[in-house]
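Dear colleague,

I am passing on the structure we spoke of, with the sequence alongside. Please look through it first, and then read the notes below it.

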Amino acid sequence: MIRDANTLNALLDTVNRLVRERLVPAEALVAEADEIPADIVQAMKDMGLFGLTVPEAYGGLDLTMEEEVMVMLAMGQTSPCFRSLFGTTVGIGSLGIVFDGSEEQKAKYLPRLATGELIASFALTEPDAGSDAASLRTTAILDGDAYVVNGTKRYITNSPEAGLFTLMARTNPADKGAGGVSAFIVEANTPGITIGKIDKKMGQRGAHTADVIFENCRVPVSQLMGGREGLGFKTAMKVLEKGRIHIAAICVGVAERMLRDALNYAMERKQFGQPIAEFQLVQAMLADSQAELYAARCMVIDAAQKRDQGLNVATEASCCKLFASEMCGRVADRAVQIFGGAGYLSEYGIERFYRDVRLFRLYEGTSQIQQIVIARNMVKDARR
Ligand code: COS
């Protein structure tokens, strides 16, 4: 649902200008330094990008899913690390508070998240609990006025920058499944939290991940999400479901950028006396990419519109994440192929995108997890 086309277009114009004038020129530098310059971070904050999904009452833009998708399509036109910086705050890092936080928790944290003063991270994955998220081992045991948290969280995006963690921990060790898990809002400066070394990743340099280690960390009772135990897994699932549409939109945006770069290259590069874009085998790669991109774009917008109508889009969200991330990988591969030898050189940038987009098929639920969610829902619906 697009509430007011003029307001959205004004926002999209600003995002497009930021991407064109500030982010694209900084791509190579950010990858080299593994750091987004402070002035760019500030520009993103000033534009309200950290508050895209925060309700207006708490200082955010409160975008509908369709509007959020439009912004992500625009942000996809540059290196995905830029999106990643505010993506966890507008997505999985803060949505738990928006969905399930108490009034007090919302009032305390959402305004500071919306301005970017606080960066939020989502702490679910562990060394031994990834796809099987319900098996997480981090414990949060009630002791007087606090929960004592012990455990390690792994690959936590933006943890080195985070001011706040949405943490999933087991409050009931007797229940080894989803029902024993609770969600907490944990301030990053709480004693007992250590951030590990920044991970060396295949791509998306500039976006940081690291371990977050909790050692006898006393988290006040007031930080239990919504004041209720045992609902943390469901909070995580709801958050991830929305996040999957968001990530799918970014996949579409980045694929558009890679295909545009590949098309431009194919029209300039001459072999056998003519631009390689004139050759049918190159055209096949361009055409397959365009067709798949169109399909993914339609899917993402359709799922977003359905979600805005209040429909259950668990299946659609996983379809989008699965198809768009796999499509993005195929487009990246064809783009490198079209660039030929130049595609293997870092100065052309396409090899960086090729590495960057590999993550899309892994995080916020692997392609295999999306397949499981889709098929399970199909069986469940058929039994009704
Ligand atoms: N919205 C609301 N509730 C949901 C939900 C959703 N999208 N998906 C599941 N739930 C609820 C279920 O209804 C169930 O509740 P009841 O026990 O009351 O029926 C509960 O959550 C447990 O669900 P389920 O039985 O399906 O859990 P499983 O352990 O079988 O796991 C998968 C399901 C595999 C889908 C889940 O573990 C998953 O999504 N894993 C991937 C995690 C992930 O994306 N990690 C990425 C790292 S974070 S960047």
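What follows goes from the whole chain to a few single residues.

Please keep in mind throughout that this is a predicted model. The secondary structure of the protein chain comes to 11 helices and 9 strands. Its radius of gyration is 21 Å, close to the 21 Å that the globule rule gives for 384 residues, so the chain is as compact as a globular protein of that length. Along its principal axes, the C-alpha trace spans about 80 × 55 × 45 Å.

Buried residues make up 54% of the 384 residues, and, of the contacts with a separation of 6 or more, 76% are accounted for by residues 24 or more positions apart. The protein chain exposes about 17,000 Å², of which carbon and sulfur atoms supply 53%.

S159 is found in the loop between β3 (146–157) and β4 (164–170), and with a relative accessible area of 2% it falls under the 20% cut-off, so S159 counts as buried. Leaving aside neighbours within four places in sequence, S159 is in contact with S121, F165, I195, H208, T209, A210 and V212.

S318, by contrast, has its place in a helix, α9 (residues 314–339), and S318 too counts as buried, at 1% relative accessibility. Which residues does S318 touch, not counting those up to four places away in sequence? They are R244, Q370, V373 and I374; of these, V373 is 55 residues from S318 in sequence, while the two are 6.8 Å apart in space, C-alpha to C-alpha.

Lastly, the aromatic residues. A search of the whole structure finds 8 aromatic pairs. One of them is formed by F339 and Y348, whose ring centres are 6.1 Å apart and whose planes stand at 65°, so the pair is edge-to-face, given that planes over 60 degrees apart are counted in that way. Together with Y265, F339 and Y348 form one aromatic cluster.

How values were computed. Residues are numbered from 1 along each chain as its sequence is written. This is a predicted model: local features need pLDDT of at least 70, side-chain atom pairs count only at pLDDT 80 or more; totals for chains, interfaces and linings use all residues. Side-chain values use heavy atoms; hydrogens and water are left out. Helices (H or I, at least four residues) and strands (E, at least two) are DSSP runs, numbered from the N terminus. The radius of gyration is taken over C-alpha atoms; the globule rule is 2.2 Å times the number of residues to the power 0.38. Buried means under 20% relative accessible area, exposed over 50%, partly exposed in between (1.4 Å probe, protein chains only). Contact means heavy atoms within 4.5 Å. Accessible areas come from the Shrake-Rupley method with a 1.4 Å probe; for residues, only the protein chains shown count as cover. Rings of Phe, Tyr and Trp (its six-membered ring) pair if their centres lie within 6.5 Å; planes under 30 degrees apart count as stacked, over 60 as edge-to-face and the rest as tilted.
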